[in-house]
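Let's take a friendly walk through this structure, looking at what holds its parts together. Have the 3D view open as you read.

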Number of protein chains: 2
Amino acid sequence: MKTDATKDYSEMAAPIEFYFDFSSPYGYIASRRIDDLAAKFGRAVSWRPFMLGSVFRIAGTQPLTEYPLKGDYSRHDFARSARLYGIPFDMPEKFPISSIAAARGFYWLERQDPAAAKRFARAAYQAYFADGRDISDPEVLSAVARESGSDAAALMAATQAPEMKAHLKAVGDEAVARGVFGSPFIFADGEPFWGADRLDMLARWLETGGW
Amino acid sequence: MKTDATKDYSEMAAPIEFYFDFSSPYGYIASRRIDDLAAKFGRAVSWRPFMLGSVFRIAGTQPLTEYPLKGDYSRHDFARSARLYGIPFDMPEKFPISSIAAARGFYWLERQDPAAAKRFARAAYQAYFADGRDISDPEVLSAVARESGSDAAALMAATQAPEMKAHLKAVGDEAVARGVFGSPFIFADGEPFWGADRLDMLARWLETGGW
C-alpha cells in the first residue's frame with residue numbers, strides 16, 4: 001500500500017505536458033526553453049502537437065496575426081521575444097501553414113522512439129521559424145525527417161495512415177476537453193499555463209508547488 | 001542648443017504610459033505593480049484609462065471571458081495572478097461593466113491634481129475588483145470619489161461634460177492610432193507591452209534599454 005509521501009512523490013514526478021502547434025511562433029519559442037526549464041525541477045516534458053486551427057473554431061478565435069492592431073504587435077513581439085532568449089527567428093513569409101503532417105509524423109515516431117520524435121519536432125520548428133523552410137510541403141518535411149535521423153519514407157507514409165489520423169484527432173479532442181485554446185498550452189500537475197510568456201510563472205509553480 | 005547626451009537623457013526620463021480600462025482585471029493587477037516597478041528605474045507613470053470596448057470593435061475581439069475555453073482559463077488566471085502578487089481580488093459578479101464615467105472623472109481630476117487622479121483610480125479599481133462594488137453605478141462611483149478625497153459632486157458633473165467626453169474619445173482614438181488593442185497596454189519610450197504578465201519584460205527593457 002502506498003503512503004501519502006509516495007503518492008505525492010509520484011504526482012511531482014509526472015511529466016509536464018506541452019501542447020503546441022508546429023505553425024505557432026510562441027509554441028516554437030516555448031519549445032526552445034521548456035525541457036531545460038523542467039529539468040531544473042527534475043521533470044520530463046511530454047510534447048503534444050495538436051491542430052490549433054480546430055481549437056480556434058471551437059474557441060471562436062483565429063491566428064493572432066489576423067487581427068487588426070493585435071497582428072502588428074504580435075509580429076513585433078514574436079521577434080522581440082525570440083531575441084530576448086537568443087532564439088533564432090525569422091518570421092515565415094507563408095504563415096500560418098498546415099502542420100498536420102508534421103504532427104502525425106511526430107506521433108508515429110514517438111511510438112517507436114520518444115527521443116527521436118523530439119529531435120524531429122525541434123528540427124521541424126527550426127526549419128520553419130529559423131531557416132525559412134515550408135514544412136507543410138511534403139518534400140521539405142521529408143527532408144527534415146531525414147536530416148534529424150528518422151526514416152523519412154516511413155514517416156511520410158505514416159502521415160497518411162488512418163491510425164495516425166485518428167490518433168491526432170484524439171489528441172485534439174482531449175486537448176479541448178482539458179480546456180486548451182492556444183499554443184503553447186502547458187499543464188503541470190493539471191495546472192494550466194497559456195503562452196510562451198508564462199514559462200517563468202510555470203517555473204515558479206514547479207519551484208513552490210503552487211499558490 | 002541641446003547635446004545628444006541631453007536628448008538621450010530627456011528621452012529616458014519620459015514617463016511610462018499605462019493604458020488600461022477600469023473594467024479590466026489584468027489592468028487592475030498591473031495598476032498595483034506599475035508605479036513601484038517604474039520607480040526602480042527612476043521613471044514616473046502616466047495613467048491612461050480608455051474605453052476597451054471601442055478598441056475591441058476595431059480589433060475584432062471581445063472580453064476574454066466571452067470566449068469558450070479561454071473564458072474559463074481567464075477567470076482562473078485572474079485570481080491566480082492576483083494571488084501571486086498578493087493583490088486582493090474577487091471576480092465581480094457583474095462583468096464587464098461600463099467604465100466610461102470613471103475614466104472621464106479620472107481625466108477631469110488629472111487636470112487639477114494628477115496625484116488625486118491616481119488616488120481615485122486606485123480606489124475605483126479596489127472598489128470593483130476587491131470590494132464587490134459596481135463602479136458603473138453613479139452612486140457608487142460618487143462614494144469612491146468622496147472616499148478617495150475628491151469633490152464627488154464636481155467629479156460626477158464632469159463625467160457628463162462635453163469637454164470630458166471629447167477628451168476621453170480623443171485618448172481612445174490616439175490609443176488605437178498607436179496600436180493599443182488590449183488592457184493593460186504599456187509604452188516605454190515607444191516600445192509596446194501588452195498584458196499584466198509582461199511587466200517583468202518591461203522591467204528588463206527599462207533596465208537594459210532594450211534588445
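## Salt bridges inside a chain

A salt bridge here is a side-chain nitrogen of Lys or Arg within 4 Å of a carboxyl oxygen of Asp or Glu. Keep in mind that this is a predicted model. Over all chains, the structure holds 28 salt bridges. One of them joins the side chains of A:Glu17 and A:Arg178, with N and O 2.8 Å apart. A:Glu17 sits in strand E1 of chain A and A:Arg178 in the loop between H10 and strand E3, so this pair ties together parts that are 161 residues apart in sequence. A:Glu17 is partly exposed, at 23% relative accessible area, and A:Arg178 is partly exposed too, at 28%.

Now find A:Asp189 and A:Arg43, whose side chains meet in a salt bridge at 2.6 Å, N to O. This pair also links distant parts of the chain: A:Asp189 is in the loop between E3 and E4, A:Arg43 is in the loop between helix H3 and E2, and they are 146 residues apart. Is A:Arg43 buried or exposed? With a relative accessible area of 6%, A:Arg43 is buried, while A:Asp189 counts as partly exposed at 41%.

## Where the two chains meet

Chain A brings 32 residues into contact with 32 residues of chain B. About 3,000 Å² is buried between the two chains, and carbon and sulfur atoms give 61% of that area. There are charges at work here as well: six salt bridges cross the interface. One of these pairs is B:Glu191 with A:Arg80, whose closest N and O atoms are 2.9 Å apart.

Which element gives the most to the side of chain A that touches chain B? That's H5(A), with eight residues. Sorted by type, the residues on this side of chain A are 19 nonpolar, five polar and eight charged.

At 2% relative accessibility, A:Ser74 counts as buried because the cut-off is under 20%. Beyond its neighbours within four places in sequence, A:Ser74 is in contact with A:Tyr26 and A:Leu64.

Next up is helix H6 of chain A, residues 100–112. Its 13 residues reach 19 Å from first C-alpha to last, close to the expected 18 Å. Its buried residues include A:Ala102, A:Phe106 and A:Trp108. Among the elements that cover the buried residues of H6(A) are strand E2 and helices H7 and H10 of chain A.

Definitions and conventions: Residues are numbered from 1 along each chain as its sequence is written. Chains are lettered from A and ligands numbered from 1 in the order in which they are written. This is a predicted model: local features need pLDDT of at least 70, side-chain atom pairs count only at pLDDT 80 or more; totals for chains, interfaces and linings use all residues. Side-chain values use heavy atoms; hydrogens and water are left out. Contact means heavy atoms within 4.5 Å. Buried area is the accessible area (1.4 Å probe) that two parts lose on being put together, summed over both. Helices (H or I, at least four residues) and strands (E, at least two) are DSSP runs, numbered from the N terminus. Ala, Val, Leu, Ile, Met, Phe, Trp, Tyr, Cys and Pro count as nonpolar, Asp, Glu, Lys and Arg as charged, and the others, Gly among them, as polar. The expected span of a helix is 1.5 Å times one less than its number of residues. Buried means under 20% relative accessible area, exposed over 50%, partly exposed in between (1.4 Å probe, protein chains only).
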